[in-house]
Structures are given as structure tokens and as C-alpha cells.
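Please take a look at the protein below. This report walks through a few of its features.

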Amino acid sequence: MRTVDIRVPATSANLGPGFDALGLALGLHDDVRATLTGERGVHVTVEGEGAGEVDSGEGHLVVKAMRMAFDRMGVPQPEGIHLHCRNRIPHARGLGSSSAAVCAGILAARALADSELSDGDVYALATEMEGHPDNVAPCLAGGLTISWSDHDGLPHMVKLAPDQRIRPVAVVPSTRLSTEAARGLLPKDVPHKDASFNAGRAALLIAALTRMPERELLLAATEDRLHQQYRAPAMRASADLVERLRAVGVPAVVSGAGPTVLAFSTSDTQDLIAPEVGNDWHIQQMDVDPVGANVQFPETR
């Protein structure tokens, strides 16, 4: 038997104008203990988010990611896998729960196989499973990431360090929304002026998050015209909350595909958030996770 512990962070993608390109690692984590056993079969136990809901066998996303990674590394599939998952990242809320599971599975397989699979190969495989790199990049690397794919489809990323004065606040509803459903609401084409608007705001957001976290600058930098307005009908409460927060000067966006709302809290906005949020939401203030996914073997701790 061999065991590895994986810790992976929640993530928020898009951050307003950075559609499918920007991502932020958050100080909220899932912990996965993966063990290869001599007994045939897969056994998964889950605490916290998803307990009693997610598949407890081969259909579990961490297991699927492990299986794909073993195949990609050319390593024989193990006879037995035992997983214990302690989940804190809400599912289907726009906080990167599926990216966290995929990254955890691939990293667990690499560690247990003692493989030389590179970090770039891990990133590429995780992106392949997820379909896009915007959540995968910050989950693996931590901090603020800019991700893109080259002409051959190979994903790349740049990691930046956000200003320490910025603290993200996740406002999480009880309702869920699948990424596929939210993406299905997007139009095939957008006006040129909206694309130009978002390009400028995304560039401004990098400066605001890393060097100049003034409220007025963050408020302007988090404006979006590419995706949030089109997805609003599927999460009316989230769209309305974003409008209310922005109206009182709080830089707020839809986190990923939603329906969680992400606000950027600074010293002059932290007291403005709670009064705009009703009882149906859970407010969670977090730090930015600066390191991303972490791998440890229990016997070496």
C-alpha cells in the first residue's frame, strides 16, 4: 500500500472581463487522501460537500483523472484505489470544484507512480479533461493566473502575485448552476465594441489586482460585456446582487460560470458587502492561495 495526500484550492475564473483567461486561487481547499491497495476495486468516501451525492466508485471525478493520468504515463492501472475526500469547495457554484478534483487526481497518480510527468504535462492533461485552462491554472499554480492556448492547443500560463491588501469574498447561494448550462447561454458572436471594451478592462484589471488596488480602479476594471449579461437569466439573484454591490462601490463579479458572486474587499469596502446580501447567501471572506496544489506523503510529514 502507498498513500499520498493532495490539497487543492478553490478557484474563481473570469474575474469579470477576463473571460476564459484570468483565474484566482482562493484560500478554500479540498483534501484528498489516495491509497493504492492490493484489493481489487475502487472505494471512495466523502466528507463535506458532495457527501451522499457524488459517485463512490469508478465514476468519481478524482478516480477518472487518476485513471487517465496512469494511462498517459504508460503505467499499469492499479488493482485497488481507496480515496478519502474532505471537500470544502461547493459544487456547481462557480468555484472550480471540478478543476480541483481533476488536478487532485492527476497529481495523486503522478505521485503514486513516482513518475517524471512534467508540471507542463500535468497542466495540459488537466486542461484536456476540463476543456479550458482558466480554473486549472490557478488551482495548480496558485495566485493570479493568465492562461491561454497556442495554435496547437497546448495551454500556457503566467502567474502573478495579487496585492496583499485585496481579499476576495465569495457570496455563495444555495442554488446550483452547471458550467455547461451557463456556457450554453452565450451568443456565437459579440459586437466589436464589446470585445474592445473587455480587452481594455482585462488589461486594467491586472494592474488593479497587482499594483493599484484602489476601489475606483477595481470597480472600473471588473466591468464586463462579454458573458455576465447573457448568463443573467439563469441566475437572476446573482446578477441582481452584483448590481447592488457595484451600486454601493464594491467591485463584484460573477465567479466563473456562477452562481457565486465574488467581491474584492479592501479596507474601504469590507463593511459595504453584508448589508446588500440576504439570508439565502453564505458570505465567506478568504485569502488568495499563493501556492496552489500541494502534494505530501503522510510518512514524510
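## A histidine in a loop

Is His 91 buried or exposed? His 91 is buried, because its relative accessible area is 15% and the cut-off for buried is under 20%. Keep in mind that this is a predicted model.

Where does His 91 sit? The residue lies in the loop between strand 4 (80-87) and helix 2. Leaving out residues up to four places away in sequence, His 91 touches Glu 49, Gly 50, Val 54, Ser 97 and Arg 176.

## Helix 1 against helix 2

Helix 1 spans residues 61-73, and helix 2 spans residues 97-113. Their axes are 7 Å apart and pack at an angle of about 45°. That angle makes helix 1 oblique to helix 2. The crossing of the two is right-handed.

Which residues make the contact? From helix 1 come Leu 61, Val 62, Ala 65, Met 66, Ala 69, Phe 70 and Met 73. Helix 2 supplies Ser 98, Ala 101, Val 102, Gly 105, Ile 106, Ala 108, Ala 109, Arg 110, Leu 112 and Ala 113. Sorted by class, this contact has 14 nonpolar, two polar and one charged residues.

## Helix 1 against helix 3

Helix 1 also meets helix 3, which covers residues 119-130. Here the axes come within 11 Å and cross at roughly 130°. Helix 1 and helix 3 are therefore oblique to each other. Their crossing is right-handed.

On the helix 1 side, the contact residues are Leu 61, Lys 64, Ala 65, Met 68, Ala 69 and Arg 72. On the helix 3 side, they are Leu 125, Glu 128 and Met 129. By class, the contact has six nonpolar, no polar and three charged residues.

## The nonpolar cores

The largest nonpolar core has 62 residues. Which of them touch the most other members? They are Leu 15, Met 66 and Leu 83. Helix 2 gives the most to this core, with 11 residues.

Setting aside neighbours within four places in sequence, Met 66 is in contact with Ala 34, Ile 81, Leu 83, Gly 105, Ala 108, Ala 109 and Leu 112.

## Two positive phi angles

Next, look at the loop between strand 1 (2-13) and strand 2 (22-37), where Asn 14 is found. Phi of Asn 14 is near 80°, a positive value in a residue other than glycine. Asn 14 is buried, with a relative accessible area of 3%.

Asp 20 also lies in the loop between strand 1 and strand 2. Phi of Asp 20 is near 60°, again positive in a residue other than glycine. How open is this residue?

## A cis peptide bond

What is the form of the peptide bond from Gly 258 to Pro 259? The bond is cis, with omega near 5°. Pro 259 is found in the loop between strand 8 (252-254) and strand 9 (261-265).

Key. Residues are numbered from 1 along each chain as its sequence is written. This is a predicted model: local features need pLDDT of at least 70, side-chain atom pairs count only at pLDDT 80 or more; totals for chains, interfaces and linings use all residues. Side-chain values use heavy atoms; hydrogens and water are left out. Axes are lines fitted to C-alpha atoms, for helices over the stretch in contact, and angles run from 0 to 180 degrees between N-to-C directions. Helices (H or I, at least four residues) and strands (E, at least two) are DSSP runs, numbered from the N terminus. Angles under 35 degrees count as roughly parallel, over 145 as roughly antiparallel, 65 to 115 as roughly perpendicular and the rest as oblique. A crossing is left-handed if the near helix is turned anticlockwise from the far one by less than a right angle, and right-handed if clockwise. Contact means heavy atoms within 4.5 Å. Ala, Val, Leu, Ile, Met, Phe, Trp, Tyr, Cys and Pro count as nonpolar, Asp, Glu, Lys and Arg as charged, and the others, Gly among them, as polar. A nonpolar core is a set of buried Ala, Val, Leu, Ile, Met, Phe, Trp, Tyr and Cys residues joined through side-chain atoms within 4.5 Å. Buried means under 20% relative accessible area, exposed over 50%, partly exposed in between (1.4 Å probe, protein chains only).
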